[in-house]
Protein chains: 2
Amino acid sequence: MKHKEPRRRITASDVARAAQVSRVAVSRTFTPGASVSEQTRSKVLQAAEQLGYRPNALARNLNKSSSDLVAFVAGYQDNLYDASLFDALLNTLQKEGRRVLHVHVGASTDVSAALLAALDYPVAAVILAAGSIDASTVTACLRLNAPIIVTGSAAHLDTVDSVLGDNHDGMRLAVEHLLARGRRRIACISGPKNITASQERYAALIRHLGRRGMQPVATVNTAFTVKGGFSATLELLAGEGKPDALVCANDAIAIGALNAARYQLGLAVPDELAIIGYDDVAAAAWPCVDLSTIKNPIAERVAHLGDLLKRRITEPQASPMHIKIAPELVIRSTT
Amino acid sequence: MKHKEPRRRITASDVARAAQVSRVAVSRTFTPGASVSEQTRSKVLQAAEQLGYRPNALARNLNKSSSDLVAFVAGYQDNLYDASLFDALLNTLQKEGRRVLHVHVGASTDVSAALLAALDYPVAAVILAAGSIDASTVTACLRLNAPIIVTGSAAHLDTVDSVLGDNHDGMRLAVEHLLARGRRRIACISGPKNITASQERYAALIRHLGRRGMQPVATVNTAFTVKGGFSATLELLAGEGKPDALVCANDAIAIGALNAARYQLGLAVPDELAIIGYDDVAAAAWPCVDLSTIKNPIAERVAHLGDLLKRRITEPQASPMHIKIAPELVIRSTT
DNA sequence: GCAAGGAATGAACACGTGTGCAAATTTGTT
DNA sequence: AACAAATTTGCACACGTGTTCATTCCTTGC
């Protein structure tokens with residue numbers, strides 16, 4: 001036991017002492033564009049390399065008004081979509097030299113509480129990809145000088161930037177497609193009632209059917225998961241209504257529905273029952289699933305998020321921007 | 001435009017001024033166990049609430065030797081397993097008041113480089129769940145005072161803590177099961193050659209077959225993805241060997257293989273070809289997949305990771321601990 | 001050779017918070 | 001009422017870095 005107390009982290013002063021220069025010279029060496037002679041620079045770099053020195057990001061960010069951190073708030077990834085979104089987003093942010101503070105929103109955790117906890121760090125921005133958020137939390141964030149960018153399922157607050165899929169138009173594509181296929185008895189498995197994406201998609205379905213003088217023959221709410229879709233389908237098909245088509249609020253639900261219909265109830269899909277999902281997750285394209293769905297393009301979404309982030313950071317006072325992503329109908333073999 | 005310069009974040013001094021107390025009183029109010037009178041405490045809390053104050057975590061962590069941050073290093077989530085692992089882990093860490101700095105390792109990014117970049121923050125620990133890491137990077141981390149805990153696919157370095165699945169025993173279960181089912185011509189779709197989990201599982205397969213005087217009739221390497229498994233299966237079954245069973249290095253590959261065999265090649269699974277995966281991801285249990293596999297328990301793994309993390313932080317000098325998680329055979333309808 | 005200009009350097013301060021120590025205040029005891 | 005003890009308070013410093021400003025050094029042009 002040579003080191004009883006925990007070993008200190010190497011600091012700029014340590015490097016300065018080893019390289020026989022002042023501490024400021026070390027700071028300048030690691031600050032792009034600062035004025036250092038080539039000679040001292042190399043001395044510093046060599047000493048730093050040998051000691052394993054890296055500038056402490058805490059101290060470095062302390063005297064800036066914000067940091068290189070971006071908070072990403074997301075929920076359970078059972079929905080099969082957020083994982084892919086996060087993957088792509090993380091890749092983009094990291095390339096731009098940002099670091100991601102991941103906030104997880106579970107069943108028990110409150111979105112606002114989790115978000116505020118992460119905001120102890122002066123993040124450059126918050127990307128909110130989970131659940132709804134109320135206006136008071138938004139003002140709390142703004143007071144903490146943390147601009148919010150909303151994507152995925154979240155409230156339509158005019159005061160914050162947003163990149164959202166056009167759920168209204170997506171549902172139009174779904175309804176038109178099913179009607180063109182000759183379906184008339186359309187049922188719906190919607191998502192959780194408190195999630196904005198659920199509400200929007202359901203409202204759009206009602207509206208587009210209503211325009212044609214129709215309405216869903218049955219509706220059930222469930223979680224945005226495969227399990228949820230499975231049990232909801234059993235429940236729904238046990239009741240009245242006898243649908244010939246099932247509109248699901250997302251792909252996870254649709255995959256659950258497909259499995260319940262085909263393997264539990266022995267229904268022929270799509271002959272006896274058509275099923276359409278929403279998002280176009282990777283699993284929807286697997287041959288054993290081969291799900292018709294509405295594509296919610298990830299690459300485009302991430303690109304817009306990156307742009308919006310840059311803009312918001314450089315011009316904090318710019319007026320909020322609301323970007324809608326156009327959905328696409330993807331026809332596979334379940335409709 | 002009233003505020004031309006970016007609004008400052010509310011600091012303890014602001015609160016102190018508003019509550020007419022000293023700044024130290026504010027600090028003490030937000031420090032559990034500190035000595036403050038009930039009167040000043042409530043004055044401070046009220047002012048803080050009104051101004052929307054939260055202590056700046058950067059400054060708060062600066063004078064401690066490490067922070068409340070934990071770095072989590074993971075790769076693409078195409079493998080269907082890491083997403084679930086991360087989900088569970090994030091939940092646990094957040095409950096304990098830790099915050100997670102997420103480091104993404106893409107195809108182009110180097111593990112070591114990404115890791116070191118995150119270590120600019122004095123994290124309490126690094127949880128490494130992606131790719132391999134060489135000894136020099138480990139020493140770099142240790143010099144930065146950042147203990148590493150390895151899980152998932154990574155090198156077996158004696159100097160760091162680890163929580164690993166027992167790949168050797170898992171493959172024994174797979175081989176014994178296939179032989180009991182009467183299979184004799186076993187082929188293998190292995191993962192990337194530079195990933196430790198691949199190497200270990202493949203080596204175990206060779207060894208367990210070897211003990212019975214057998215060897216794989218064919219082997220192909222591919223990425224840990226559904227797409228990889230799909231194309232690898234087409235390639236493998238086009239060649240010589242005529243296998244009657246396929247051992248896949250993980251579930252994503254197995255799902256790709258299943259889809260290729262059934263829907264592209266028209267093979268009867270399991271009658272003409274048995275398929276077994278590894279990990280037991282959520283999708284393996286879907287009726288349309290219903291994949292036999294070796295379970296790599298996530299809950300147990302996360303629990304051990306949490307314990308190890310706590311131990312390492314409280315006793316930085318403790319000797320490294322290596323925990324093996326026992327795999328389980330899960331028999332479904334593909335074998 | 002000399003002045004002027006530019007580049008390199010170091011001292012001092014700022015960022016926002018926690019904490020040791022001594023002073024000030026309150027509480028408890030005889 | 002007087003004193004000891006316990007609690008609360010505030011000053012000053014520490015954490016590790018970036019940056020302004022004045023100073024010093026070197027270079028260049030005349």
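Two strands are said to pair if DSSP finds at least two bridges between them. The model discussed here is a predicted one. In it, three bridges join strand 2 of chain A to strand 2 (residues 99-105) of chain B, and these two strands run antiparallel. Within this arrangement, A:H102 stands opposite B:V100, which belongs to strand 2 of chain B.

A second pairing lies within chain B, where strand 1 (residues 69-75) and strand 3 (residues 125-128) pair in the parallel sense over four bridges, and where B:V73 stands opposite B:L128 of strand 3. The table sets out the two pairings.

| Strands | Sense | Bridges |
|---|---|---|
| strand 2 of chain A and strand 2 of chain B | antiparallel | three bridges |
| strand 1 of chain B and strand 3 of chain B | parallel | four bridges |

The strands form an open sheet of twelve strands with mixed pairing, in the order 11(A)-5(A)-4(A)-3(A)-1(A)-2(A)-2(B)-1(B)-3(B)-4(B)-5(B)-11(B). Strand 11 (322-325) of chain A and strand 11 (322-325) of chain B stand at the edges, each with a single partner strand, so one side of each has no neighbour in the sheet. On average, neighbouring strands of this sheet are turned by 20° against each other, direction ignored.

Turning to the contact between the chains, 51 residues of chain A are in contact with 50 residues of chain B. Among the elements that give two or more residues to the side of chain A touching chain B are helix 5 (82-95), strand 2 (99-105) and helix 6 (111-118) of chain A. The residues of that side divide into 29 nonpolar, 14 polar and eight charged.

Technical notes:
Residues numbered from 1 in each chain as written. Chains lettered and ligands numbered in written order. Predicted model: local features only at pLDDT ≥ 70, side-chain atom pairs only at ≥ 80, totals over all residues. Contact = placed C-beta atoms within 7 Å. Nonpolar A, V, L, I, M, F, W, Y, C, P; charged D, E, K, R; others polar. Axes fitted to C-alpha atoms, helices over the stretch in contact; angles between N-to-C directions.
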